[in-house]
Amino acid sequence: MSRIGVFVCHCGSNIAGTIDVEQLAQAAREFPHVVHTDDYKYICSDTGQQSIKDAIAEHKLDRIVIASCSPRMHELTFRKMLESTDVNPYMLEVANIREQCSWVHKDKDVGTKKAIDLVKMAAAKVDHDAPLFTTAIPINKRALVIGGGIAGMQAALDIADAGYPVTLVEKEPSLGGKMVMLDKTFPTLDCSACICTPKMADVGSHPLITIKTLSEVEQITGYVGNFEVTIREKAKYVDYDSCTGCGLCETKCPSKVTSEFNQGLGLRKAIYTPFAQAVPNKPTIDAAHCRKLLEGKCGVCEKVCAVNAIRFDDVDTTSTETYGAIILAFGYQLINWQELYGEYGGGLYQDVIHGLQFERLLNASGPTEGHIQRPSDGAEPKTLAIIKCVGSRDPHKGRSYCSRACCMYAAKHAHQYLDKVDGAKCFIFYMDVRCAGKGYDEFYMNTQHDGATYLRGRVSKIYEENGKLVCLGEDTLSGSQVRVDADMVVLETAMVPADDANRIGSMLGVTRDKDLWLSEAHPKLRPVETNSGGIYLAGTCQGPKDIPDTVAQASAAAMKVAILFNKDELESNAMIAQSNSSLCNSCGACEAICPYQAITLEEITRRENSVMVTRKVSKVNPSLCQGCGACTVACRPGAMDLKGFSDEQIMREVDALCQW
Amino acid sequence: MSVVESNSDFQPTVLAFCCHWCTYSGADLAGLNRMNYPANIRLLRVPCSGRVNPQYVLTAFNKGCDGVLVCGCHPGDCHYVSGNYFAKRRMMAFKRLLEYTGLEPERFQIRWISGSEAGKFRDVVTQVCEEIRALGPLKHSASFEAFAEQGALGTVNALTPANKAEEVVEND
Amino acid sequence: MQLSKERVDAFLAELNQAVRVYVPARGEAVSSFARYGQGTEPAFDLVNTDMPPKDMLFPQTEKMYRYGLDDEGKPFVDATFDADEVVLFGVRPCDMRSIECMDDVFLTRGFIDEYYETRRQKLTTFALACTAPAPTCFCDSMGLNAGQAPAADVLLKDVGAAWQLAAQSEKGAALLGKYKGFFDESDVQDAGAKNSDSVSCTLKVDMDGVKEKLDQMFDHPLWEDITKKCLTCGTCTYVCPTCYCFDISQSNRMKIGERYRCWDSCMFSVYSEMAGGHNPRADKLSRVRQRFMHKLCFFEDRYGKSLCVGCGRCIQKCPVALDISCLIDDIGAAELAPVALAGEKGAGDGKH
Amino acid sequence: MTDTAPSITREQTARVQTARVQTTRVHTALFAEVTQKLRLRAKELLESGEVVSVIGWEAGRFENQTTPAFITDANKVDRLIFNEYCANTLGKYVLSEKLDGKVAVCVRGCESRGINRMISDNQLKRSEVYLLGLPCPGMVESPEVSHASEPSHAPEASSKLLSKCAFCTHRQPVVFDEYLGTCEATDETLGGLIPKPIDPSERFSDVEELEALSLDERNAYFEKLYNNCIRCYACREVCPCCTCRECFVDQARAGWQGKQNNLEENRFYNLTRVFHIGDRCVECGECERVCPMELPLMKINRKMVKDLTTLFSVPEAGLDSETISPLNTYDVADLEEYL
């Protein structure tokens with residue numbers, strides 16, 4: 001038989017002013033299993049708490065109802081208080097008679113009557129409370145960062161600097177991501193490579209960072225503190241331990257291939273380092289274009305290599321390791337505009353290029369050594385049209401969101417173009433100019449000052465006429481049709497999630513929004529966490545952003561990892577789902593519905609009605625379960641229940657309200 | 001909100017299942033702002049609207065509630081990612097089922113109320129309580145009513161032939 | 001004494017003023033005994049109602065008593081054995097026999113159930129002799145005569161335009177005396193008279209030796225065969241006029257509670273589940289076996305008669321056509337194991 | 001309140017009249033042929049040891065009555081029959097029968113969808129059953145074993161199509177290992193003697209007729225239904241969706257409901273039953289057929305099926321074993337009516 005104590009708080013006059021607290025306490029004394037009631041001026045005060053502790057000892061109470069302010073206010077306070085008593089901290093229910101009663105109902109009789117009902121419900125519920133306990137989850141203090149762009153590098157460096165080992169996985173042959181492809185960065189016009197490559201070098205030489213390039217995450221299982229990650233490292237055909245990175249092989253290689261790094265505007269070899277400052281600065285063989293690997297002929301690289309580092313028999317390797325936390329930093333890709341914008345030629349015109357291609361044209365180490373030349377004939381364009389929001393803010397053809405960086409990116413392109421080409425004309429078609437950021441608007445104003453012509457409106461069509469690219473559009477400010485005969489057109493295309501976003505997101509149970517960007521746990525207050533514990537977001541995999549925001553988020557994510565790793569173990573949530581295996585009929589509805597992938601079906605063998613039976617039953621992982629209870633309703637067999645909010649408790653609350 | 005006169009004496013019992021993160025905190029905010037709303041409402045706190053089993057709703061009606069309200073976070077804002085989406089589908093199907101089998105639509109309502117929408121909480125509660133007050137009490141079987149008359153401890157009238165069809169006729 | 005069919009309504013209406021009269025009637029979906037009046041159209045052409053009249057004496061849910069704490073906090077138990085006078089008019093001989101079986105259970109062998117007793121004492125039965133049994137009727141094989149209902153207070157026989165009335169008890173005679181104005185003293189049978197004295201069912205089973213054989217068939221493989229198709233729903237037990245298994249439960253409010261008893265079924269696995277979870281009849285076979293053994297063997301052991309009255313309701317209603325008449329045939333044809341395990345019934349399987 | 005609600009019978013609505021069916025030689029030939037093939041294949045399967053049991057139908061005691069048959073002995077396959085009185089849907093029997101080994105079971109549209117249902121609910125593996133597909137023209141009521149009234153009921157020359165078959169959308173099996181019909185039992189081959197499977201758009205016509213009633217009428221209608229229910233749980237036991245180890249009605253600890261037979265508890269049982277199976281109901285209609293009180297249970301089931309179908313564009317249940325229940329998934333673009 002349980003022994004319930006009910007404690008009514010006056011909260012000064014906050015409660016006592018509109019509720020007859022003595023009457024309430026007296027009424028509560030009549031409820032089943034209530035053996036003690038009392039009322040206090042301020043229960044949450046030290047003396048108030050002490051009086052509860054005294055009552056627990058004196059009346060041998062084993063569960064407590066506190067009628068006071070909202071449980072959102074003081075439930076934790078009272079749980080903490082119970083830790084120093086014999087009563088389990090979860091044998092507590094709080095009846096909210098302040099926010100939801102005394103403060104909203106003026107009539108004392110009405111308020112008191114309602115307060116009695118609220119205490120009834122709490123007393124009925126507490127009668128079916130069970131002691132709950134948390135479990136300790138060990139933490140493996142190693143972090144995995146997926147993606148070696150600026151976000152991943154920054155996060156890896158910060159975690160490593162905090163003293164924890166990090167593995168950085170990058171699917172390309174080199175670190176650097178998109179940032180290292182940029183020529184200069186707005187608004188300061190720093191050379192992008194100059195600020196990015198030192199980071200790359202730092203990452204490469206950090207003793208606590210293991211870099212895995214040309215690698216992909218194949219499988220992730222487990223949960224916070226204990227992720228089992230399988231990484232596939234693709235064959236490089238070069239032994240990086242012996243390779244000195246001298247580059248002779250690359251020079252001698254006879255196969256030429258379009259350069260991905262230069263966005264298709266230049267050539268590379270079949271054995272190559274993507275760019276001069278690559279980290280690791282060692283070549284890899286592109287098996288799809290290597291004559292030796294394709295046809296068995298050639299092998300020049302092997303012949304010229306002084307240290308015998310070429311390994312034509314190299315194969316993919318997979319390894320599985322345990323990590324305590326994962327940072328997702330696999331970035332974005334540009335929208336495939338050719339597919340969507342037939343009116344811009346759909347890729348037919350060589351001189352309609354996207355912004356990242358233009359960056360490579362501007363870059364001194366790019367295919368044109370920094371001279372702005374048209375891809376078609378190498379001529380210097382004298383009239384440049386820049387079209388913004390290609391794919392962005394265009395729900396019909398592209399995406400509905402703003403890609404955030406393009407306004408500044410376009411202004412920078414215009415500035416750089418006007419700076420490099422004498423007598424040039426630059427027209428920028430825009431919808432809005434959004435330059436919120438330190439020094440951003442000033443930069444935009446300067447660009448206008450430089451002579452860039454901003455035209456407000458979308459370009460409806462681009463076609464070739466007399467060697468010019470005719471851009472037809474509307475200037476919505478003047479209301480007139482606009483025609484620009486350009487030598488070259490730069491499309492500032494939308495950022496869209498990387499190909500991997502969906503695969504990795506679903507593997508980890510990280511939700512994606514409608515555009516497949518990974519969702520943060522809370523848009524305001526938990527912007528780098530995800531709903532899966534131990535998994536954090538950095539950079540553009542979460543949504544379009546510029547470099548400073550990316551770096552800030554990466555450092556924030558790293559900090560979250562460091563906070564996690566600073567503990568030796570985690571305390572699991574006590575109020576979680578539990579499955580009654582004798583009722584479970586293995587239908588799997590719970591498994592399908594769980595947003596945290598906390599439920600799995602596991603085979604058990606046991607005696608049932610004198611027969612040994614082997615069957616599958618659901619099992620809740622206490623480290624992953626967050627206690628939402630969605631599975632309990634999906635569970636028609638009634639096997640799944642939620643501790644602290646059990647079916648029985650909720651039903652008895654309803655009983656108490658209606659029938660006590 | 002005008003009080004419907006014909007049933008103005010009737011004080012319905014309205015049970016509201018509220019998710020801890022949004023609606024329950026919205027109700028707290030309404031309290032903090034000292035907003036007034038009918039005292040007929042009783043909040044039952046659940047972690048998430050996805051925890052609300054439609055069987056609770058039926059139980060509430062069977063035990064004597066005159067109306068039930070289920071509240072959660074706005075779609076997309078669920079603290080647990082997706083609980084309210086599941087709740088929405090369940091409740092959409094279940095509400096239609098209850099209405100099909102003869103329950104007044106007003107008696108069972110679902111609303112999304114965020115933690116900041118104290119005013120919406122007040123308005124919804126006021127509206128729901130007044131609508132149910134206007135409908136009057138939910139009808140129950142004779143045996144239920146007999147038991148509900150507390151204090152009437154005389155003859156146990158069930159000791160007459162329990163012909164169920166008759167009970168319905170007499171009840172009408 | 002005769003009751004003209006033209007005056008039946010007048011008689012029942014008058015009777016219904018004083019007592020509660022129940023007659024066989026077609027409902028919207030199924031037929032049952034319904035309170036006369038209030039638009040109820042008696043259906044005396046029904047051989048058997050779909051639902052038996054057993055809830056007249058043994059309601060599906062019966063409030064037994066109320067208990068709790070009164071206003072001064074003192075415990076009370078409030079049980080009132082009170083029932084209205086009821087006349088069951090037009091009950092068939094097989095259903096009358098089933099009332100005899102229930103009388104045995106609830107009123108004999110040293111135990112009297114006060115709830116049943118109260119209702120039974122207030123019940124007056126007008127049995128209606130059968131003239132043309134249904135295809136599923138096999139009462140004559142179970143030792144009944146479809147033209148007789150010895151336990152009835154009044155027996156009605158169809159003599160064409162009227163019913164011949166015969167009082168078979170003091171209670172019956174008294175009631176007929178009270179309403180004699182409705183009756184003619186003639187004994188004429190017109191041309192439309194139906195013979196109810198030598199009624200013979202088309203469905204026959206041979207009960208000879210079945211009980212004795214079942215004594216040795218507790219572990220017979222026959223049970224496995226019939227169990228396969230059984231759904232273990234409660235249909236047969238709920239439409240059976242003699243199945244009397246019940247459960248006692250309660251519903252509580254804060255300080256008062258009601259204890260009630262309600263029909264239960266040996267077909268349900270929870271029926272035999274004990275506190276603590278052990279279930280002596282957890283498997284389907286033992287439940288199916290229990291039902292038929294109880295009907296055809298165990299009841300006979302205890303009360304000297306079969307608990308099956310041959311009404312055929314379970315044959316009509318079983319969703320999988322698990323037919324007790326076929327089972328009786330099968331038992332008759334079954335070969336007994338050479339070494340019969342006589343007397344070795346499973347412990348606890350004689351549940352009554 | 002006067003009761004103007006329609007009767008709670010299983011009689012069909014005006015739009016979907018239950019057809020009376022004259023059994024003809026065409027049917028007789030079809031059934032005879034299928035029966036022969038079934039016996040042959042059952043014998044082969046049992047003799048080869050591929051299956052341990054064949055589930056089909058055999059003759060009952062009465063003419064025009066059948067009962068489920070479980071043949072484990074190859075010498076007894078001649079007990080198997082297939083005719084227009086095979087009312088039982090057999091699918092759920094495999095759950096108990098499979099404990100001894102692989103089971104062959106006769107499947108028509110209804111059985112096959114039930115099998116898919118149980119596979120998707122992890123109650124059954126496809127490899128545990130061998131499915132003998134049968135052509136089904138729709139089944140008829142057996143006149144012999146119906147209400148007994150005096151004078152004894154004369155079998156009619158034509159019989160009534162089972163109400164569950166009148167609403168069938170898939171007479172032919174949707175999954176099988178082999179098909180035992182030479183011809184599809186279609187409208188053409190049967191000379192138009194059996195009504196075609198119902199057009200999916202007509203499938204909810206009975207629900208729509210009830211929806212069109214006033215709230216009070218609907219309330220009265222369903223109160224009658226609840227009051228007539230005796231809670232024998234035949235509807236639960238026969239349902240291929242009902243595979244809980246312990247039904248909610250028996251879960252005393254949570255105390256969902258008691259055992260009293262009254263309006264409140266019978267409503268709780270019936271509505272919860274529908275809520276538990278409505279998202280997965282294969283519309284075999286067995287619950288309604290087995291109901292000893294002849295309650296129109298499919299009129300509640302089909303309401304939920306209809307709503308889920310129209311709200312969330314889900315396909316008919318049980319057509320495959322992969323489709324996830326509409327209540328176990330969601331779409332952020334779902335209709336929003338609770339703002």
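Tutor: In chain A, the loop between β15 (271-272) and β16 (284-285) holds A:P280, and in this predicted model the peptide bond that joins A:V279 to A:P280 is cis, with omega about -5 degrees. Another cis peptide bond joins A:F186 and A:P187, where omega is about -5 degrees, and A:P187 sits in the loop between β8 (184-185) and β9 (190-191) of chain A. The loop between β8 and β9 of chain A also contains A:L189, a residue that is not a glycine and yet has a positive phi of about 60 degrees. A:L189 has 14 C-beta neighbours inside 10 Å, so it counts as partly exposed.

Is A:C389 buried or exposed? A:C389 is buried, because 23 other C-beta atoms lie within 10 Å, and a residue is called buried when that number is 20 or more.

To place these parts in the whole chain, notice that chain A is divided into five stretches of domain, namely domain 1 (4-126), domain 2 (135-234 + 316-331 + 498-571), domain 3 (235-314), domain 4 (334-496) and domain 5 (577-643). The centres of domain 3 and domain 5 of chain A, taken over C-alpha atoms, are separated by 53 Å.

Turning to the strands, you can find an open sheet of three strands in chain A, with the order β24-β25-β26 and antiparallel pairing. Its edge strands are β24 (459-465) and β26 (480-486) of chain A, each of which pairs on one side only, and from one strand to the next the twist averages 20 degrees. Strand β25 (residues 468-475) of chain A is joined to β26(A) by seven bridges in the antiparallel sense, and if you look for the partner of A:G473 in β26(A), you will find A:V482. Strands of a sheet pair through backbone hydrogen bonds, either parallel or antiparallel.

Why does strand β32 (residues 599-608) of chain A lie largely in the open? Of the ten residues of β32(A), the number buried is one, so the strand lies largely in the open.

Finally, look at A:C594, which is in the loop between α17 (589-593) and β32 of chain A. A:C594 is buried, because 27 other C-beta atoms lie within 10 Å. Leaving aside residues up to four places away in sequence, A:C594 touches A:I599 and A:C631. The C-alpha atoms of A:C594 and A:G509 are separated by 9.2 Å, although these residues are 85 residues apart along the chain.

Methods
Residues numbered from 1 in each chain as written. Chains lettered and ligands numbered in written order. Predicted model: local features only at pLDDT ≥ 70, side-chain atom pairs only at ≥ 80, totals over all residues. Pairing = 2+ DSSP bridges. Helix = DSSP H or I, 4+ residues; strand = E, 2+ residues; numbered from the N terminus. Axes fitted to C-alpha atoms, helices over the stretch in contact; angles between N-to-C directions. Buried ≥ 20, exposed ≤ 12 C-beta atoms within 10 Å, placed from the backbone. Contact = placed C-beta atoms within 7 Å. Domains from an automatic or database assignment.
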